[in-house]
Structures are given as structure tokens and as C-alpha cells.
Amino acid sequence: MKIILSIREALNSLTASKLRSSLTILGIVIGVGAVIAMLAIGRGATSSVTSSINSIGTNLIFISSGSPSGSTTKVTNPKQLTLDDAEALANTLAAPAISTVAPIVTSRAQITYGSESTDVSVLGITAAYATVTSESVTEGTFITDAQNTGKMTVAVIGPDTAKTLFGASTGVVGKVIHINGQSFHVVGVLKAKGGSTSSSQDTSVLIPITTAQARLMHFGEAKNAVDSIEVQAASSDKVTEAVDQITNILNIRHGTAVGVNDFTVRTQADILSTATSITGVLTLFLGGIAGISLLVGGIGIMNIMLVSVTERTREIGLRKALGARRSDILVQFLTESILLGLVGGLIGVLLAWGITSAVQVIAAASSTTLNPQIGLDSVLLATLFSMAVGLVFGLYPANRAASLQPVEALRFE
Amino acid sequence: MTEYVVDAQDLTKVYQMGNIEVQALRGASIQIAPSEVVSIMGPSGSGKSTMMNILGCLDRPSSGEYTLDGELVSNLSDDRLSFIRNEKVGFIFQNFNLLKLTSALDNVELPMRYSGKPSRKVHEKAKAALEAVGLGDRMHHRPNELSGGQQQRVAIARALVNDPAIILADEPTGALDSKSGREVMELLLNLNKERGTTLIFVTHDPNIAAMTQRVIHLRDGLVEDLQQQ
């Protein structure tokens with residue numbers, strides 16, 4: 001009952017100077033709005049990164065040439081990964097935890113069709129690539145083992161590249177394109193994957209790995225060298241086992257000591273945790289900056305409450321003369337500042353909703369999927385936090401009001 | 001001792017103004033019986049305001065003893081003094097000192113809210129007090145919608161709503177024209193007759209002093225002499 005009365009009284013005095021109260025609230029509105037929006041966008045970014053990493057495939061292990069970054073021991077005479085390495089890994093007797101092995105050769109090349117041309121990444125792959133990355137074709141066929149054995153000049157193109165070259169992503173099978181001036185038959189079109197990072201997959205062009213090695217590899221590289229090998233573990237609980245088997249086999253094949261690798265093995269989970277920790281840090285950083293504006297808003301409350309205490313010195317004196325105790329005055333002014341914080345926080349939540357909707361629309365317009373998520377927890381947190389801001393920054397002015405001596409306060413002009 | 005509602009013995013009050021000590025009261029003693037109507041007069045600097053502040057429990061004396069309604073109050077804590085003011089003292093100020101943003105009824109309810117009375121009772125008592133001062137039809141008006149005389153009557157209702165032992169009126173007619181001033185005085189004196197409320201006027205105005213039963217003159221921090229009327 002007493003609380004309702006103090007809230008009513010606080011509302012009375014806050015609405016008495018509407019412009020001042022709304023300007024004071026504005027600081028909190030912007031602060032809370034920014035914090036929630038940043039957290040929501042960060043969360044959206046994390047989930048979109050996570051989903052696009054998962055869209056690459058499942059239980060994947062990525063092997064690339066070169067020592068892991070951060071390793072101190074230099075490998076003498078490091079070797080590149082080769083097709084033979086990939087074949088060795090595919091041996092189910094030696095590596096039972098591995099189900100599929102997909103060696104990859106990567107290069108960038110100019111693709112032309114008639115007068116249209118585009119610069120995309122060309123991947124030399126085997127038929128296993130489709131399994132590992134869960135790629136499929138919407139028309140035509142994927143690269144086959146036979147095409148690999150025959151080093152055939154055929155290509156499967158991404159839907160975006162198809163649109164760039166032919167203006168359509170269907171009905172293009174059988175056309176002839178030129179990759180770095182060499183003609184290739186289009187045999188299939190990849191199914192669109194969408195997503196922010198997988199957009200590169202939608203533009204890429206796939207050709208048989210043997211063809212890539214023969215026609216696109218740079219001089220100076222070993223004839224059957226590959227850039228990376230993607231391995232799919234037999235199941236998600238076999239990933240660690242698979243990593244051990246890969247390391248063992250490659251250590252033996254490359255003649256390197258245990259623990260001194262001339263290759264790097266990363267699992268999908270490693271990449272996922274790296275990515276989420278990056279977006280996590282970004283979120284924290286943005287949230288922190290937004291938090292500063294909340295702090296500024298709090299100082300605004302404190303400032304206006306101090307002015308209000310001075311203006312209402314006589315009122316405080318009167319209330320004390322009528323029997324208000326120190327705590328009554330304290331509660332009165334704290335209620336006002338907490339209300340300022342709370343109302344600011346609630347409007348801030350609405351602002352955050354506006355910001356995130358705008359961000360979503362802008363992101364969609366630039367064809368990236370970003371779904372900012374305003375969680376109930378962040379709304380609660382922001383509301384409580386803005387009330388706490390009101391409390392903390394109201395404490396000093398309220399205490400000042402409560403400590404006024406009635407005689408002096410009544411005499412105040 | 002308890003036969004007096006106000007029993008102040010040898011009150012002194014020393015203010016520190018920078019390096020100078022100012023003696024506002026130098027051992028003044030005042031005794032006021034229940035239901036008495038008294039005025040305290042004196043020129044500026046006589047210690048009149050200080051005396052009023054101490055009698056109203058807004059301030060403590062530097063030395064001396066003050067017993068209000070049988071309770072020794074001269075050495076109580078701030079919060080305890082708040083409680084005493086709430087229970088035993090009604091204030092009426094020259095410039096009314098009403099809260100501008102709230103209705104007459106809310107203003108009268110205010111002292112009872114600080115005493116934590118249940119809100120139904122608060123409502124009833126406030127209404128009754130406003131009716132007693134003749135403002136039964138103006139309860140929901142704000143102070144700026146009332147005339148000066150009406151505002152002072154709201155203040156009177158506020159002062160008597162907690163049934164205080166004394167009502168302290170500091171120049172109650174100072175901001176009013178003579179007609180409404182007279183009405184306010186009549187109202188207060190009637191309350192004294194009907195309810196036996198002890199009234200203490202602090203004033204410059206000899207006309208007001210003339211309407212009271214006894215005048216206490218203060219000069220240089222001392223009670224000068226008692227004029228029985």
C-alpha cells in the first residue's frame with residue numbers, strides 16, 4: 001500500500017515536468033536500447049555463423065599442409081599433402097573411424113562464357129566431396145570417379161556463378177565454359193546453400209581433382225599435391241579417434257616425429273568454438289560500448305535529481321515538519337529515480353526491437369541472413385539493470401535530500 | 001510539571017556563524033497550559049524563530065530541557081523528533097506551504113501517511129478535517145485553484161488532522177488580506193473553543209496578539225515579561 005502511494009507520488013512529480021523527465025529518460029532509453037540491440041545482434045550473428053558452419057557438413061575434420069599455427073618446433077623438410085595421403089586415410093583397415101575422405105585442390109580462376117566472365121574459386125575434387133560437404137546438384141550430375149580417372153574437362157558450377165554466366169541457374173548443362181582459357185563442359189549445377197559464409201560455395205566451380213592438378217596447378221608444386229583434405233568421421237563420437245588415426249598415418253607417411261606435424265588437423269568443433277568465441281568477444285565489445293551510453297544516461301538521472309532536490313528543498317523541509325523521517329524522504333526520491341530508470345528501460349526495449357528489426361531488414365537487403373534475437377533474459381536484465389542505474393545514481397541525490405535539516409530546508413528560498 | 005503541555009526550561013541556542021558564535025536564546029523558559037492560546041512576540045533577532053523551531057521540535061536546544069505533552073524531547077534523535085512532530089505538533093506557515101501538485105485532500109492526508117495509518121481511516125479523517133474548516137466542497141481542488149484564505153484553511157486542516165498537542169502558527173495571516181486573515185483567526189480560535197487545541201502564534205502583528213489569552217515577549221533571547229490579559 002505504501003509502495004503504491006510512493007509510486008503515485010513519484011509519478012505526480014515526474015509528470016509535473018514532462019519535458020525534463022522525458023529528456024532524462026532519453027539517456028536511459030538510448031543506453032538500454034543500444035545494449036539490448038547489440039546483444040541481440042551478437043546472438044543473431046553467432047547463430048548464423050554456427051548454422052553456416054554446420055551447413056558445411058557433419059563430423060568434419062579438415063587437414064591442411066603446414067604446421068599448426070603457434071607451434072614452436074620447425075619441421076625439417078616438410079611435405080605437402082598428396083592424393084596418396086588421402087588414399088591412405090581412406091583405408092578403412094588403418095583408419096576405421098574415418099568414413100569418407102575428400103582431397104581438395106583450390107585455386108582461383110577466371111571463368112568465361114561468351115562475353116560474360118567472373119573470377120571465382122575453382123575446386124578440384126573427387127566424388128567423395130559431395131558426401132563430405134553434403135552438396136548436391138539441382139540438375140545434371142556431380143563429378144564422378146570416372147571423370148577423375150579420365151582427367152576430363154568437366155565442371156559442376158555453383159548456382160550464383162550459373163546466374164552470372166548464363167543469366168539462369170537451370171538449363172545450362174552441356175554448355176561449354178572456359179576456365180583460364182581452357183574449355184570445360186558443364187555437367188551439373190550445385191544446389192544453393194545460402195547463408196553468409198556458404199555464399200562462396202554457391203559461386204564456386206568444381207572440377208575433377210586430377211584435371212585441376214594437371215591443368216590449373218602452379219609450377220613448383222608436387223604433381224599430386226593437394227591443398228587440403230576434408231575427412232568425415234564415421235560418427236560424431238568417433239571424431240577424436242579419427243583425428244588420432246589421421247595424425248598417426250600422416251606422421252608415418254611424412255616421416256615426422258610424433259607431436260611434430262607438418263600438417264594441421266582441425267575439427268568442425270574447433271572451428272565452431274573459434275567462431276563463437278570471436279562473435280562472443282565482438283558482442284561483449286559492442287555491448288560494452290553500449291553500456292557506456294547507459295552509464296551516461298545514469299549520470300543524467302543523477303544530475304536532474306540533484307537539481308530536483310535543490311528545487312524542492314522547501315517541500316522536503318515541509319515534509320519533515322509534518323513528520324517525514326529520513327527514510328521517507330530517501331524512499332520518495334529513490335522511487336522517482338528508479339521510475340525514471342525503469343520507464344527508460346522499457347522504452348529502451350522497444351527501441352532495441354526497432355533497431356534489430358531494421359538491422360534484419362538491412363542484412364536481408366544485402367543478402368546475408370542475420371536474425372537478431374532479443375531474448376527474454378536480456379529484456380529482464382536490461383529492465384532490472386536500468387532500475388539499478390536509477391537506484392545507484394539516485395542514491396546520492398536522495399541521500400542529500402534526506403539529510404536536509406528541516407529548519408534550514410524550510411527557510412530555503 | 002505535566003500540567004503544562006509545553007514546558008521549556010532555560011533554553012539556550014548557540015549558532016556557529018563562521019567564527020562567530022551567535023546566541024539566539026540565552027535561557028528562556030516558557031510554560032503553556034493545555035487549551036491555552038498564546039502568542040510569542042518580539043522584534044527580529046529576539047530569538048522568536050529559534051524558539052518556534054525548538055517548540056515545534058524542528059530543532060534542538062543547545063542546553064535546557066523541553067518537555068512536550070509529558071515527553072522530554074530536547075535530546076531526541078532526528079527520526080524520533082520526526083515522530084514527535086507528526087504526533088504532537090501541527091504547523092501553520094505564513095505562506096501555507098502546501099504541495100502544489102496534489103489536491104487539498106492529498107495535502108491533508110500527508111501527515112497521516114507518515115504516521116502509517118490505514119488508508120481508509122486516513123481518507124475519512126482528512127475529509128472530516130476539511131469539512132471542519134469549511135472546505136468540504138473543495139477537497140479535490142489543487143492549491144492553485146484555491147484562494148489564499150482557502151489555502152490557509154487547507155493548511156489548518158492538515159495541522160489538526162493528527163490531533164496534535166499544540167498547533168504552531170507562524171504569522172498565519174501574514175500573506176492574507178485582512179478579511180480572510182480575520183476568517184482564518186476566527187477558525188483557529190473556534191477550533192480552540194470546540195476541541196481545546198492549544199494554539200501558539202508566532203507573530204509581529206499586535207492585532208493577532210490581542211486576540212490571544214497571553215503574550216510572551218522575547219527580547220535578546222530571553223523572555224521579557226508575561227502579560228496576563
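**View 1. Strands β1 and β2 of chain B pair in the antiparallel sense.** In this predicted model, strand β1 (residues 6-17) of chain B is joined to β2(B) over 10 bridges. Within the pair, B:L11 stands opposite B:A28 of β2(B). Helix α1 (residues 48-55) of chain B packs on the sheet, where it touches β1, β2 and β4 (63-68) of chain B. The direction of this helix makes about 120 degrees with that of β1(B).

**View 2. An open sheet of chain B is formed by 4 strands.** The strand order is β2-β1-β4-β5 (chain B), and the pairing is antiparallel. At the edges stand β2 (20-32) and β5 (71-72) of chain B. Each of these has a single partner strand, so one side of each is left without a neighbour in the sheet.

**View 3. B:V202 is a buried residue of chain B.** This residue belongs to strand β8 (residues 198-202) of chain B. B:V202 counts as buried because it has 26 C-beta neighbours inside 10 Å, the threshold being 20 or more. Leaving aside residues up to four places away in sequence, B:V202 touches B:I40, B:K48, B:M52, B:L168, B:D170 and B:E171.

**View 4. Chain A meets chain B through 17 residues of chain A and 20 residues of chain B.** On the side of chain A, the elements that give two or more residues are α1 (2-16), α11 (313-321), α12 (326-365) and α14 (406-411). The residues on this side comprise 9 nonpolar, 3 polar and 5 charged.

**View 5. Chain A is assigned two domains.** Domain 1 of chain A covers 2-53 + 273-411, and domain 2 covers 67-261. Their C-alpha centres lie 53 Å apart.

Methods
Residues are numbered from 1 along each chain as its sequence is written. Chains are lettered from A and ligands numbered from 1 in the order in which they are written. This is a predicted model: local features need pLDDT of at least 70, side-chain atom pairs count only at pLDDT 80 or more; totals for chains, interfaces and linings use all residues. Domain bounds come from an automatic or database domain assignment. Two residues are in contact if their C-beta atoms, placed from the backbone, lie within 7 Å. Ala, Val, Leu, Ile, Met, Phe, Trp, Tyr, Cys and Pro count as nonpolar, Asp, Glu, Lys and Arg as charged, and the others, Gly among them, as polar. A residue is buried if 20 or more other C-beta atoms lie within 10 Å of its own, exposed if 12 or fewer, and partly exposed in between; C-beta atoms are placed from the backbone. Two strands pair if DSSP finds at least two bridges between them. Axes are lines fitted to C-alpha atoms, for helices over the stretch in contact, and angles run from 0 to 180 degrees between N-to-C directions.
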